[in-house]
Amino acid sequence: MQSSSPTRSSASLALGHLERAFRAPPRFRGVPLERLRHRTLWISDLHLGSRHSRAEALLGLLEAVEVETLYLVGDIIDEWKLRRGAAWPVAHAAVLERIAIMARTGTRVIYVSGNHDISLRDVDVDVPEIEVVEETVHETADGRRLLVIHGDQFDEYSDEASLVVRVGDWSYQAAMAINLVFDRGARRSGGSTRSLSLRLKQKVKKAVKYIGNFEGRVAAHAARLDVEGVVAGHIHRAEIRRIGDILYLNDGDWVESCTGLVEDEHGRLCLYRLRAGEWRVETEEPERAEPDFPARALAR
């Protein structure tokens, strides 16, 4: 695959790539899907600049989908990897270029910064077609208010300089590399492919506790803001569930799960997954029920 050198901006690597994409003509096409229509689409954790990013798969989706509002919920550009000299493949640039086309043709694009593109919180983004924020509130078609935030603010291990984060990042990269080998073997034998690091997250007790703590903190923050729900990213684990009175939604990632959160014209929310070239419903919004976790109590 072709690569180009990453933009090296002393202020913000992410800003450099954003500005370039919004000025460039498209150079690369994704795998085409059937035309799709959603009111709102949330995606996060693309990690463009990382070799594990599923940029080509995402590009095919973005070329097929028509949405009124597109939320980029953080870690879209992986400045951590770019600072370490990672390449910038043409397909990664093409994802941003496709988003630029969507913004110019009527889609409202809101970029919520994360910890891997955190420099966007400290610079003036001179890209008039998009809005760059740290958090925002979305109103659904049926009138509900959803906080939209990446979620790194509620993770004590989200600082790039932390030794714990460096060791964790190395372990994660190792798991992803091993997963590539397993995936190739599974494809040859006709079996299903599934992320090794995702399986580890679901099985290891400490990982399960970490995820639960993160989700609880995010829900408590949303409860303090008096909204009905919250959309987050960060932990690479797609989810829809109720935490107390709060509807907790996580749109997943485009490194392992290839998932996104979708709102239809009636305000109904569903998790979708791109699998075998099809954009399919993975999880539907639960019926409104009695709280199973005291999020509002935590907020007080």
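I count a residue as buried when its relative accessible area is under 20%, and I keep that cut-off in mind through these entries on a predicted model.

**Helix α1**

I looked up helix α1, residues 13-21, and found that 8 of its 9 residues are buried, so I note the helix as largely enclosed by the rest of the structure. The buried residues of α1 are Leu13, Ala14, Leu15, Gly16, His17, Leu18, Glu19 and Ala21. I then asked what covers the buried residues of α1. The cover includes α3 (79-83), β4 (88-89), α4, β5 and β6.

**The sheet**

Turning to the strands, I traced an open sheet of 7 strands in the order β6-β5-β3-β2-β12-β13-β14, with mixed pairing. At its edges I find β6 (130-133) and β14 (278-284), each of which pairs on one side only. From one strand to the next, the twist averages 30°.

**The β6 side**

Strand β5, residues 108-112, runs parallel to β6, and 4 bridges join the two. Within this part of the sheet I located Val109, which stands opposite Ile130 in β6. Helix α4, residues 90-104, packs on the sheet and touches β3 (65-73), β5 and β6, while its direction makes about 120° with that of β3. I note that α4, β5 and β6 are also among the elements that cover the buried residues of α1.

Is strand β13, residues 269-275, largely enclosed or open, I wondered, and how many of its residues are buried? I found 6 of the 7 buried, so I record β13 as largely enclosed by the rest of the structure.

On one side, β13 pairs with strand β12 (residues 259-263) in the antiparallel sense over 5 bridges, and Leu269 in β13 is the bridge partner of Glu263. The two strands form a hairpin with 5 residues between them, and in the turn I noted Gly267, which has a positive phi of about 90°.

With β14, β13 again pairs in the antiparallel sense, over 6 bridges, and here Arg273 stands opposite Arg280 in β14. The hairpin of β13 and β14 has 2 residues between the strands, and Ala276 in this hairpin takes a positive phi near 55°.

Note on methods
Residues are numbered from 1 along each chain as its sequence is written. This is a predicted model: local features need pLDDT of at least 70, side-chain atom pairs count only at pLDDT 80 or more; totals for chains, interfaces and linings use all residues. Side-chain values use heavy atoms; hydrogens and water are left out. Two strands pair if DSSP finds at least two bridges between them. Axes are lines fitted to C-alpha atoms, for helices over the stretch in contact, and angles run from 0 to 180 degrees between N-to-C directions. Contact means heavy atoms within 4.5 Å. Buried means under 20% relative accessible area, exposed over 50%, partly exposed in between (1.4 Å probe, protein chains only).
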